[in-house]
Amino acid sequence: MTLGTPLALLLALIAIPIVIFYILKVRLRRVPVSTNLFWNQIFEEKPPKSLWQNLRYWLSLLAQLLILALLVLAVADPILSWQSKGARRMVLIMDVSASMQAADLSTTRFQAAQQAAQRTLDGVREQDQVAILTAGTRPEVILGMGNHVPSLRRTIDNLSPVDTPANLESAITLAKQLIGDAPNGQVILFTDRTDSKKTDEKESKTESEAKEANASEPPPKPSTISVEYRTVGTKASNVGITQFQTRRSMVDAVGYELLVEVRNASDKPIECRLEIELEQRPVDILPLKLQPNETWSRTLEKTSLEGGVLKASLTKFENDKAEDRSKNNKLEVDDVAWAILPDRVIQPVLIVTPGNLFLQKVFEANPLVRVTVQKEIPTTWPENTVVVLHKLIPDPLPPNPLLIIDPESNSSLFRVDGLVDSPLVTEQDKSSPLMTHVRLDNVTFPKTKRLTFLTDTAKPIASSVGGEAIFTTLLHGDKKAIVLGVNLEESDLAFRTVFPILSSNAIAWFTNQSGELSLALPGGDTTMLSSSLTANGDLENLWLVSPSGQVKLQTGRSVGPLQETGVWELFQLDTQDIPTVESLRSTGRMPDRYAVNLASSTETDLRDANDAELVSSQTSLASWFSNPPWYYLAILIGLLLVVEWGMYQRRVLA
């Protein structure tokens, strides 16, 4: 046995004054009385005793000295040899994934795990070292190694689950690194997953693959750290949205597509209803009849010129009792999903032509285009406008995105070198977005201009059998340009359905609006700032607003991890103090928005849990001798004080 505070033994000197107080004779007070007859009688019966005869109250003195000895020993903090050898390094891993929010117990699964972790802390001895980790998308050390139990308890109480999947393997690996080479290392994982065997199989498989890849290296030393799973939850049924994405149509100028996936993670058929809204306006209502373990997936085509927030939600179950509905839906975080539909921008287009009705009408038929027609070359050019030059070529060229058709004169980009008589298109760049749903091999092009390009940025998109470029893209300064040497009056291109498709592709190519995709992120993921912010280089005063309304300063080029489902908003406001959500939204600027969904079939399936709330044999590590010796000495001191007080009150010591 060793002592944590050996100098505390000096407190034993307090025994000297205790003995002295028992030896000293108490001086009596002088009090006048009417007669001393009775006092003389008592004096004769009990004559005065010597000073040392006061020690006949030895039982009282022994009790006081024993209490002092125990008190000194407790302050000296004795550590038994078997306790010092059995000191443990433990890591408690709390699964904070979305499925821990399931309310299939008297409490949520996470609250049950917190209670189990608190019971585990009852068994922490003074010489033990305990750390607390969370297992979300990425493991995180919440509290490093320590043995201050109140701090450990507060840390457990302050944890809360997030809307992300769990990476248990990474958390276990990090926990083992924290324990290191300690002989009594232990990892305790509080989770609703019973995949310890799966984890072990993956680890063993990884080790075998490593051995095969590095046969010359010695095998790794096997880990002696035990991993114990404490599972909570029941085999509850659940239905959830496991996928929800949107994108603009590649064909329809105002169309968009939705990818929706719903999973029935139960062992019986379920009827439910899926509702889809765009900016709180109904888009579609789909009644669903899902068979056991069925995953329903559809691609829906819709139209809307305006963009905004799309919301999909699973509503009440139909033809079912209320109590049955609650049994089939224990997790709410996967009942709602969001997506961001990009806005369609109305693009101004200026057509400069001596006159061509087909050219004008093909652009006016595009709902994303606002057309202006001029028959002469203007003196000034409007900004943010796509300019279509038909035959008329100004000098210099306008500083706009250009679509040049059948040029009659030279320019700084090309030279007109005569005509090509009825070229036949044999080469098309199918990878170019301009050629989406476009075939030119059956279109006639009489009297097509033969063009020689004066810039190395020219790239033929469609060429004839002789190598003449019919359709060419190039750069005009920092702007895009397209040159089409086709004579619209002689060619049948204007009468083909490919012409409006070609013009629509060109506008989408100029404005980068072809099939825009704003991916909905899975919970816990990160994303990069938009190109508009990074291009300006002004990354200061960016404020990120969570779906629950919390505001924090955004630093760096990456946003996240986003651990809450819903729509996150990123604003730019020049202020040093944390602004309110109302002040950010009152600026009138459209924020960058990020849709975050759970999107995890694993988290939606709640059945990978034990039937009991918590395995009874694993409720606590506490034992009677888990506390330090001074704890039990203090209890013994208290008992002796009670005994000594009781004996004194009953005149046993008097």
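In what order do the three strands of the open sheet stand? The order is E8-E9-E12, with antiparallel pairing.

## Basis

This is a predicted model, in which local features need pLDDT of at least 70 and side-chain atom pairs count only at pLDDT 80 or more, while totals for chains, interfaces and linings use all residues. Residues are numbered from 1 along each chain as its sequence is written, and side-chain values use heavy atoms, without hydrogens and water.

## The open sheet

Strands E8 (238-248) and E12 (295-303) are the edge strands, each pairing on one side only. Strands are DSSP runs (E, at least two residues) numbered from the N terminus, as are helices (H or I, at least four); two strands pair if DSSP finds at least two bridges between them.

Strand E9 (residues 255-265) is joined to E12 by nine bridges. Gly255 has Thr303 in E12 as its bridge partner.

## The largest nonpolar core

A nonpolar core is a set of buried Ala, Val, Leu, Ile, Met, Phe, Trp, Tyr and Cys residues joined through side-chain atoms within 4.5 Å. The largest one has 34 residues, and Phe363, Leu440, Phe471 and Leu493 have the most contacts inside it. Helix H11 gives the most to this core, with seven residues.

Leaving aside neighbours within four places in sequence, Leu493 is in contact (heavy atoms within 4.5 Å) with residues including Leu440, Phe445 and Phe499.

## Asn505

Asn505 is found in helix H11 (residues 498-511). Asn505 counts as buried because its relative accessibility is 8%, and buried means under 20% relative accessible area (1.4 Å probe, protein chains only).

How values were computed. Buried means under 20% relative accessible area, exposed over 50%, partly exposed in between (1.4 Å probe, protein chains only).
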